[in-house]
Amino acid sequence: MTQLLFFDVFNGLIIGAFYALMALGLSLILNLSGVINFAHGGFLAIGGYLAYTLIPYFGFWGALVAAPILTAFIGILIERVLIRRLYGRDPLYSLLLTFGLAFMIEDGTRFIWGAQSLPFQIPGWLAAPLSSSLFFLTGYRVFMMVLVAAVVLALFLILSRTRLGLRIRAGTLDLETVSVLGVNVRILRNLNFGLGIYLAGLAGVLASGMLGLQPNIGDSLIMPSFIAIIVGGLGSLPGTLAGGVLIGVASGVTTVFFPSASEAVIYVMMAAVLIVRPRGLLGEEGRF
Amino acid sequence: MNAFNNKRAADALVWVALLTAPYWMPLVGGYTELGTHVVILGLAAMALNFLLGFTGVLSFGHAAYFGLGAYGAAMTIKFLVPSTPLAILDGVLVGTVAGAVIGPMIARLRGVYFAMCTIAFGQVFYFIAFQWSSVTGGDDGVSAWHRMPIDLGFTSIDIFNDNKAFYYLALTMFAVAAGVMAWLLRSPFGRTLLAIRENERRARFLGIPVDRHIWLSWVISCLFASLAGALYALLNDFVDPRALRWDMSGTFVIMTVLGGMRNFWGPLIGAAIFIVLQDQLSSHTQNWESFIGLFFVLVVLFFPRGVLGLIKRKTTQ
């Protein structure tokens, strides 16, 4: 029983790490640009498929580095060509646009790589279990946890220590003033979008190693990521991180007792947060 | 005076076109079910527009209430009573109650946050329908039932075998719903909703209970969306979780935007264009999803005011 509990909690942590990675990217874009990026799951799929294509040439590690960066470039390009035109307009329009993009990306990946599920090679020593008593704990899962933790740490360091991060945080609070102070807001939003998409691409590579590749691989992650943001509080990145891990672990623990409710518990948590504390756990009062 | 007459003429035109649709549609290459589709999804989009266009709140999760109406109707006929009117009533009841319960949780939220929560809540019902397969049939949906002839006592209308009869049933429901919505929008309540849309802060200072009005508008919108859903299940004699999913919600929003959200008939026009396009695309190409996606992008970039918005601007210039 304790081993089962440990397994499900750990599993929940991994799922939570994915939610958090996705939700942090969504949150970055939402906070600075006011765009709900429905195509985030599509970018995740692009990350995974690009890595799949790159592995024969550069190996797993090369793909792990290169694929998210390439995904981020695609994101930056799309922001420049399409999404930028919609800033300052009703959020309805950017929502519809990214919604259409999600359709196009999913169908596009299906067109290029085929609809069938593709296997994803990870190094053999990562795929092996750590020990026979902890048979479920493969090296890959531990590696994912460590990598996600490192990336999240790096993200928070970038946001708190670098000039770019400072500007992103300032822009979240008052974009107009940041613009008046001489920061090129167009470039700032562009880079910020790329940063968010980078996280989605990275999540895509990691998820493909665990689940294999399908064109709709992002579908099951996008809704929980929204909920992670709502639970954690809009406008707060630490909140988003906490929200993602929290709902991941909650659904992991629920799996032990009511396996069929593991998905539902996420929505119950969202409803509870909205009733008791509509701004979310760490959200600021009156921002929305 | 002129504008008033134009409006009257437009109303008359819409009703004449709708009333005679089964007779002129075959002439232009359509068929009756296509018309029924337009009327039903047009009703769903108009219900959404009550909220989106006339209250100014963005719901991106209306498929939930549409789908609940559909499931309510389908399961009533399959498991409870084989009666079409009761099925419609049940469907509307289920969808409206769900909307009324969820409403208070989101009515205080605004803008993007409101939209995001409607998306997430919309997904709840998709999961229930998908996971609880012993009752809902899971991914396979509720099948092996069909709509029942309506028994009026002295005569019976065979809406199952007669497509035209079902079209006129759907149109009757549509007319009632459209009439009620138009009446509501002309009432002081509707004017208050417009005031909230135009300037929420001012409305609040005037002492209008804004959250309660948004909640009411939300429930009314859910009510008509679930009516459309119930009719949709009856049209297909089938319902599956896709009726509840977020892409359905997006479809309602794009129909509304495409037709023109500041216009009462806009969503219906948008629904007509969208459905004919989808019908054509899906018969010509496998990759119609990417074309629909591209269509979303193009509408947002080039037709943000919709067809009717465009016409209005042309005529006022």
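Let's start inside one helix: in α5(A), the residues A:R141, A:M144, A:V148 and A:L155 are buried. Keep in mind that we are looking at a predicted model throughout. An α-helix has 3.6 residues a turn, so residues three or four places apart point the same way. What do the buried residues of α5(A) pack against? Their partners are α1 (2-33) and α8 (185-211) of chain A. The helix itself runs over residues 139-161 of chain A, 23 residues in total. From first C-alpha to last, α5(A) reaches 32 Å, close to the 33 Å expected at 1.5 Å a residue.

Now zoom out to chain A as a whole. The C-alpha trace spans about 60 × 50 × 35 Å along its principal axes. How does the radius of gyration of chain A fit a compact globule? For 288 residues such a globule would come out near 19 Å, and chain A has 19 Å, so the two agree. Buried residues account for 51% of the 288 residues in chain A. Look at the contacts in chain A between residues at least 6 apart in sequence, and 74% of them join residues at least 24 apart.

Next, the place where the chains meet. The contact takes 34 residues from chain B and 34 residues from chain A. On the chain B side, α5 (84-106), α6 (111-131), α12 (246-259) and α14 (288-302) each supply at least two residues. Which of the chain B helices gives the largest share of the side that touches chain A? That is α6(B), with twelve residues. Sorted by class, the side of chain B that touches chain A has 24 nonpolar, seven polar and three charged residues. As for the predictor's own scores, the complex gets an ipTM of 0.88 and a pTM of 0.91.

From the contact, move to the nonpolar interior. In soluble globular proteins, nonpolar side chains tend to be buried together. Here the largest nonpolar core has 194 residues, and B:L43, B:A44 and B:A228 have the most contacts inside it. Helix α11 (residues 210-236) of chain B provides the largest share of this core, 18 residues. Take B:A44 as a way in: beyond residues up to four places away in sequence, B:A44 touches B:F66, B:A225, B:A228 and B:F252.

Helix α3 of chain B covers residues 32-52, and it is mostly covered, with 18 of its 21 residues buried. This helix reaches 29 Å from its first C-alpha to its last, close to the 30 Å expected at 1.5 Å a residue.

One more stop in chain B is B:I269, in helix α13 (residues 266-284). Is B:I269 buried or exposed? B:I269 is buried, because 23 other C-beta atoms lie within 10 Å, and the cut-off for calling a residue buried is 20 or more. Leaving aside neighbours within four places in sequence, B:I269 is in contact with B:G259, B:V307 and B:L308. The C-alpha atoms of B:I269 and B:M255 are separated by 7.9 Å, with the two residues 14 apart along the chain.

Finally, a word on confidence. Chain B averages a pLDDT of 90, and 99% of the residues score at least 70. Among the elements of chain B, α11(B) has the highest mean pLDDT (96), while helix α15 (residues 306-316) has the lowest (80).

How values were computed
Residues numbered from 1 in each chain as written. Chains lettered and ligands numbered in written order. Helix = DSSP H or I, 4+ residues; strand = E, 2+ residues; numbered from the N terminus. Expected span 1.5 Å × (residues − 1). Buried ≥ 20, exposed ≤ 12 C-beta atoms within 10 Å, placed from the backbone. Rg over C-alpha atoms; globule rule 2.2 N^0.38 Å. Contact = placed C-beta atoms within 7 Å. Nonpolar A, V, L, I, M, F, W, Y, C, P; charged D, E, K, R; others polar. Core = buried A, V, L, I, M, F, W, Y, C linked by C-beta atoms within 7 Å. pLDDT = per-residue confidence, 0-100.
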